[in-house]
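Let's take a walk through this model together. We begin with the overall layout and then turn to helix packing and a few individual residues.

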Amino acid sequence: MATISSGEQLQQHLIALTVCTPVKDSDRQCLHRTNFRIPRHQALLDELADYVAGGSRTGGASSTSRFGSRIPISANALEIQESIRAVVMPSFPGAPLKNQVSAWIHNHLHQELHDEALATTTSWIRAIVALRHPSHDLQGFCPNCGQQEVMKTSCDGSTSIRRPALYYTAERASCRSCSAMWEGLEGMKALALLLHSQD
């Protein structure tokens, strides 16, 4: 199996972040019908904008769909959006975020700064996809760094909020302080045993 270059990966990230892509053939249903629209996945930046606005729908492929239920506005999504904007704004000031991201990635591709940009876009994609699985706080000390709480600063830097160091999603548990992770069911069971032994 051939590996793809960091430049090709970066181009794939550009597509995932900015382009509405067709659902794979294996995922399509009812394509034999006449006048059937090919289902499409939202661009991740559009999905992020929906999370910020509280308009994303859990059952449809776009916020204009009549199906699915609306999700609440996400402060985490706003934080992610603002952090992306802070990185890409100089690339194309005043343009929509998708255009700024596109210009930023193209600039890095042109200058052959693939690895630097790839690490950044990977973190953006992971953060946006993680919004699909909300996080929940855990009480206890991180078995890795020993922290129980962390201070989080708001997007505008005006306030600090004390948060538990440990949190979990449907897929993993993690520490906000040291970024330690406990992946999957087995990892989260191991963390639960460690936290139980703290009592």
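## Overall layout

The secondary structure of the protein consists of six helices and eight strands. Here helices (H or I, at least four residues) and strands (E, at least two) are DSSP runs, numbered from the N terminus. Following the sequence, the pattern reads α-β-β-α-α-α-α-β-β-β-β-β-β-α. Please keep in mind that this is a predicted model, in which local features need pLDDT of at least 70 and side-chain atom pairs count only at pLDDT 80 or more, while totals for chains, interfaces and linings use all residues. Residues are numbered from 1 along each chain as its sequence is written, and side-chain values use heavy atoms, with hydrogens and water left out.

The protein has 199 residues, of which 30% count as buried. Buried means under 20% relative accessible area, exposed means over 50%, and partly exposed is in between (1.4 Å probe, protein chains only). Contact means heavy atoms within 4.5 Å. Among contacts between residues at least 6 apart in sequence, 45% join residues at least 24 apart.

## The covered helix α2

Helix α2 is mostly covered, with seven of its ten residues buried. These buried residues are Leu44, Leu45, Glu47, Leu48, Asp50, Tyr51 and Val52. Their cover includes α1 (6-18), α3, α4 and α5. After α2 comes Gly54, whose phi is positive, near 75°.

Glu47 deserves a look of its own. Its place is in helix α2 (residues 44-53), and its relative accessible area of 7% is why Glu47 counts as buried. With neighbours within four places in sequence left aside, Glu47 is in contact with Gln42 and Arg132.

## α3 against α5

Two packed helices are described by the angle between their axes and the distance between the axes. The axes of helix α3 (residues 75-88) and helix α5 (residues 114-130) come within 11 Å and cross at roughly 160°. Therefore α3 is roughly antiparallel to α5. Axes are lines fitted to C-alpha atoms, for helices over the stretch in contact, and angles run from 0 to 180 degrees between N-to-C directions. Angles under 35 degrees count as roughly parallel, over 145 as roughly antiparallel, 65 to 115 as roughly perpendicular and the rest as oblique.

The crossing of α3 and α5 is left-handed, a term used if the near helix is turned anticlockwise from the far one by less than a right angle, with right-handed used if clockwise. On the α3 side the contact is made by Ile80, Ile84, Val87 and Val88, and on the α5 side by Trp124, Ala127 and Ile128. By class, this contact of α3 with α5 has seven nonpolar, no polar and no charged residues. In this scheme Ala, Val, Leu, Ile, Met, Phe, Trp, Tyr, Cys and Pro count as nonpolar, Asp, Glu, Lys and Arg as charged, and the others, Gly among them, as polar.

## α4 against α5

How do α4 and α5 pack, and at what angle? Their axes are 8 Å apart, and the angle is about 150°. That makes α4 roughly antiparallel to α5. The crossing of α4 and α5 is left-handed.

From α4, Val101, Trp104, Ile105, His108 and Leu109 meet His114, Glu116, Ala117, Thr120, Thr121 and Trp124 in α5. The residues of this contact of α4 with α5 divide into six nonpolar, four polar and one charged.

## One aromatic pair

A search of the whole structure finds one aromatic pair. Trp104 and Trp124 form this pair, which is tilted, at 5.2 Å centre to centre with 45° between the planes. The pair links distant parts of the chain, with Trp104 in helix α4 (residues 97-110) and Trp124 in helix α5, 20 residues apart. Rings of Phe, Tyr and Trp (its six-membered ring) pair if their centres lie within 6.5 Å, and planes under 30 degrees apart count as stacked, over 60 as edge-to-face and the rest as tilted. Both Trp104 and Trp124 are buried.

## Two loop residues

Pro90 is in the loop between α3 and α4, and at 64% relative accessibility Pro90 counts as exposed. The C-alpha atoms of Pro90 and Gln100, ten residues apart along the chain, are separated by 8.1 Å.

Not counting residues up to four places away in sequence, Ala180 touches Asn144, Ala173, Ser174 and Cys175. The C-alpha atoms of Ala180 and Leu166, 14 residues apart along the chain, are separated by 9.3 Å.
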